[in-house]
Amino acid sequence: MSWRASGPARFNYDISGMDSDKQRLRSLPSVDRVLRETPHLAERWGHERVAAAIRNELERMRNNPELLNLAGKTLLLSHVAAAVETELENAAKSSLVRVFNLTGTVLHTNLGRALLPEEALEAVQAVASSPSSLEYGLQTGKRGDRDEHVEHLICELCAVEAATVVNNNAAAVLLVLNTLAKELEVPVSRGELVEIGGSFRIPEIMQSSGCVLVEVGTTNRTHLKDYKNAVNDKTALLLKVHASNYQIQGFTRSVAETDLAELAQQHGLPFVVDLGSGNLVDFPAFKLPDEPTVAHTVKRGADIVTFSGDKLLGGPQCGIIAGKQELITRIKKNPMKRALRVDKMTLAALVEVLRLYQDPSRLVEKLPTLAALARPAGKIRAQAERVAPHLAEALAPRYQVIITECNSQVGSGALPVETLPSFGVRISAVDDSDEAIRRLADSMRGLPAPVIGRINKGAYFLDLRCLDREEEFIAQLDKSGLERSGNFA
Ligand SMILES: *Cc1c(COP(=O)(O)O)cnc(C)c1O
C-alpha cells in the first residue's frame, strides 16, 4: 500500500488506541466524509469517479481486516484517500506507451515495427485534426477515391500501372485471393507455406479467402514441372510467397519468378507475388544486404505484388497491392475492399513516406527505419561507451556491465538470415543467478519509459542500434528509478 505524504496534514482522524477489528470497521470513514476531505480528487477526476473509487476502497478494506490493521497506526481517512488517488492514477495510465526497443530486432512486430518520419507525423496531425480531401476531388467538386492520393506515387516507385492500399499485407493477400481465386485453385510450393509472426499462415489465409490451396513440390525442392502438373481448368493464378522469416539451406530448389511468370502467361493466368517486406530502394547502396525491390519483382514478370507498409518501407501499417490495371480494378471493386480499407491517418503518413523515396539521396537522413538499419557500428559503439557507465553505476554492486559486439536483425520477416553488426551491453548478475537477471529485466520494463532488452544464456543484453532519446534513457537510470520500478533486487 503506497503512502503519499501530500501537503500539510489535512486529516485528524486518528484511530490509534482501538484494537479490535470490529472497532476498526466502525471507524471507517463514510464515502461522503472522504469526498469532503479530498476536494482535490473530485476536481481532477470528477465526483462520480472519485465516489466510486472510494466506495471500492472502503469495500476492499471491509473485506480485508488485515488492511485495516496495516492502516491502524496511521490516519485511516488519509490512508483511504491515498489509496484512491493511486488507484485513479493507475487507471488513467494507458497500457499503450512508448518504449525503448533494445532487443536488437529493428522491425519488431510486437513493438510496433517502423517509426514514422517527421513529415508523416505532421501530415497525420493535419488530417486528423481537420476535415480533409480524403474522398473529394478538389478540382471537380465531386466525390473522389481515397486511393488516388497514393496510387500515382506507388506506380512511379514500383513501376506498375495501378495500386490500392488496405489495412495490412495479410489483408492484401486475402483481398487478392478472394477477388481473383475464389472457389478456384492456387498452386503454392510446399516450401512457401509459411507462418509469419504466428498469426499469418499462408494456408489459413488462403482458406479464409475462399480459394483452394494446391500444394506442389516438397519442403526443400520444388520444380517448374510440379507447377506445370498442377495447372488445370480450375487454376486461378500462380502464387509465390517470399520466404520471409526463414531460409531453407542445403539441397534446395525453388522456381525462379521469371519461369513462373512465363508459365502463368502461357495459361493466361495472373502471377501474384507476396513479397512481405517490399523495399523500394537498392539496399546495397546503403551498405545493407541485397533484397529484391518491388520494381525488380515486377520486372521479373509479377502481375500483382503485395507488401507491408510498416516493414522495410518504413511507413505506417498497411498493405500495398501493386500491379496490372485490369487486375487492380477488379480488386478495388470487391466489396471486401471496403472492410479492409485504410483510414486517413494511414494514407496521410504513407503519402509522405513515399514522397521521401522520390529523393533516395536524402532517404537515410529522413526515414527513421532506414537510419536505424544503416546506422554504422562505430556510432553504436560510441554510444555504448557513453551509456555503459550510467548503467554500471545504477546496477552496482549486484550487476556487472560490459560493452559487447552483437548482431542486430532486421525483423518482421525481412532478410531472415543476414544480420547487421552492432554494439550493446551485456549485463550479468554477480551472484550468477537467473532470478537476478529476470528481476533486472522486470525492472527495466517497469521504468517510466520501459526498456525492452533480451535475456540470453543467463545474461541480459541491450543492443543499442535503436537507442534514440539517449538522454531520457540515461536520466531514468538512477538507482532510485530502478527501485521504484518495482522488482530491482
Ligand atoms: C509480414 C508478411 C506478411 C504479413 O504482413 P502484415 O503486414 O504483417 O499483415 C505476409 N506475407 C509475408 C511474406 C510477410 O513477410
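This is a predicted model: local features need pLDDT of at least 70, side-chain atom pairs count only at pLDDT 80 or more; totals for chains, interfaces and linings use all residues.
Residues are numbered from 1 along each chain as its sequence is written, and side-chain values use heavy atoms, leaving out hydrogens and water.

**The H4 and H6 pair**

H4 covers residues 47-63 and H6 covers residues 76-92. Helices here are DSSP runs of H or I with at least four residues, strands are runs of E with at least two, and both are numbered from the N terminus. The two axes come within 9 Å and cross at roughly 120°. Axes are lines fitted to C-alpha atoms, for helices over the stretch in contact, with angles from 0 to 180 degrees between N-to-C directions. H4 and H6 are therefore oblique to each other. Oblique is what remains after under 35 degrees (roughly parallel), over 145 (roughly antiparallel) and 65 to 115 (roughly perpendicular).

Contact means heavy atoms within 4.5 Å. The residues that meet are these:

| Helix | Residues in the contact |
|---|---|
| H4 (residues 47-63) | Arg49, Val50, Ala53, Ile54, Glu57, Leu58, Met61 |
| H6 (residues 76-92) | Leu76, His79, Val80, Ala83, Val84, Leu88, Ala91 |

By class, this contact has eleven nonpolar, one polar and two charged residues. Ala, Val, Leu, Ile, Met, Phe, Trp, Tyr, Cys and Pro count as nonpolar, Asp, Glu, Lys and Arg as charged, and the others, Gly among them, as polar.

**The cores**

A nonpolar core is a set of buried Ala, Val, Leu, Ile, Met, Phe, Trp, Tyr and Cys residues joined through side-chain atoms within 4.5 Å. Buried means under 20% relative accessible area, with a 1.4 Å probe and protein chains only. The largest core has 61 residues, and Ile154, Leu280, Leu354 and Tyr357 have the most contacts inside it. Helix H16 (residues 344-357) gives the most to this core, with eight residues. Apart from it lies another core, of 32 residues, including Phe473 and Phe488.

Leu354 touches Val150, Leu153, Ile154, Leu157, Leu280 and Leu313, not counting residues up to four places away in sequence.

**A loop residue**

Ser412 lies in the loop between strand S11 (399-408) and strand S12 (420-429). Ser412 is buried, with a relative accessible area of 11%. Beyond residues up to four places away in sequence, Ser412 touches Leu107, Thr109, Arg113 and Lys311.

**The whole chain**

The protein chain has 22 helices and 15 strands. Of its 489 residues, 49% count as buried.

Key
Buried means under 20% relative accessible area, exposed over 50%, partly exposed in between (1.4 Å probe, protein chains only).
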